[in-house]
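Let's take a walk through this model, starting at a pocket and ending in a sheet. Have the sequence and the 3D view at hand.

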Amino acid sequence: MKEIILAKYGEIILKGGNRPRFENILLNNIRNSLKNVAKTSIRLAQATVYVDVEDEGKTDIVMDRLAKIFGIVSVTRAAVCEKNIEDIKARAKEYLKKDFGSGTKFKVEAKRSDKQFPYTSPQICAEVGGCLDDEYPEIIVDVHNPDVTVKVEVRDFAAYVYAEENKIQGQGGMPIGTGSKATLLLSGGIDSPVAGHMISKRGVEIDAVNFFSFPFTSDRAKEKVIELAGILARYTSKINLYIVPFTEIQLQIRDKCPEEHMTLVMRRFMMRIAERIARRNKSLALITGESVGQVASQTLAALDVTNSAVDMPVLQPLIGMDKIEIIDRAHEIGTYETSILPYEDCCTVFTPKHPTTNPRRENIEKSESRLDGETLIEAALAGVEKIEVYPS
């Protein structure tokens, strides 16, 4: 029996005259994601992407990849039927056999896009439901609380049958590449990968910047960040990761700035360096993982001080979330187990015992003026390592 994958998209439908552009970007993203996975035939019609997997045994991995592509809201296998009621009934009996057991409650829902088809949607439901009821006498019709919802779709060029319960939820959102580009400040922690995923979901392509303080942070910490970027790349296809040498800046801050100001001065340097990298690569915003009040550097006063160091927009999608919500998101996208590996990042180096929680911008700027900021920034930028990270 011929089987196909139906990938449905949602928000793109609302794009009116711009819809073809969004659809074309989505198709390109799908092709790029699948090109090294399996040989496939892909086409789009009626708000659905039809994926025919030509490599035997590769359907599951193709399904998994499709479910991670932004813009797709659901993915399901379906049996392909000829556009006549007898073939639809025959395919339904065969294809859904594995979904039925003794006492299974079911109902049928039909969608008839081709209005030339000689049966209305209610008539299709009655025909297919009656056929299944006759074929499997141990199952029970229950239109209010079914265990299995049989879906029949009659499209312009074929009909399809599948069980709703076998559908995999997709990422939703907008296709990568429809929302310009932003640069993520990616640490080895829990928050920043989640922030990157959330902004990518809005169609924004992301680069990532990580600050590395050897020998205070180890090569294992660097490998951890690369692994996190690889997990994010499952959703974005590729991420350009920029590793910034940050040791000298941190040593200068430790030696010349008041201890209670060290964290904020450090973060302002990070923002400036990230902004320079972002502008070089045509990013339009920075992305950070702050949540109000989570730590001392994330009070509103501290965020004002940090964000004032740059002129470009700073996107902070976690700003109103608590830690439990962020951890739940990290589990969902697959970054949590890597984020909690015990390899410190540079944000934990030289942490002050009593950081200021209600800083005044002028006081932090005064502490910062003790440093030759431009020379330090240029030296850090000269040592940047670029790594192209692909899905892990």
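**From pocket to sheet**

The lining of the second largest pocket splits into 9 nonpolar, 7 polar and 5 charged residues (nonpolar is Ala, Val, Leu, Ile, Met, Phe, Trp, Tyr, Cys and Pro; charged is Asp, Glu, Lys and Arg; polar is the others, Gly among them). Keep in mind that this is a predicted model, where local features need pLDDT of at least 70 and side-chain atom pairs count only at pLDDT 80 or more, while totals for chains, interfaces and linings use all residues. Residues are numbered from 1 along each chain as its sequence is written, and side-chain values use heavy atoms, without hydrogens or water.

A pocket here is an open set of points on a 1 Å grid over the protein atoms alone, where a 1.4 Å probe fits, with protein on both sides within 12 Å along at least five of seven lines; lining residues have an atom within 4 Å of a point. Of the 21 lining residues, Asn32, Ser33, Thr236, Ser237 and Lys238 lie nearest the centre.

Now find the open sheet of 6 strands, ordered E14-E13-E10-E11-E12-E15 with mixed pairing (two strands pair if DSSP finds at least two bridges between them). Its edges are E14 (314-315) and E15 (385-389), each pairing on one side only. Further in, E10 (181-185) runs parallel to E11 (205-212) over 5 bridges, and threonine 183 has aspartate 207 in E11 as its bridge partner.

Conventions:
Helices (H or I, at least four residues) and strands (E, at least two) are DSSP runs, numbered from the N terminus.
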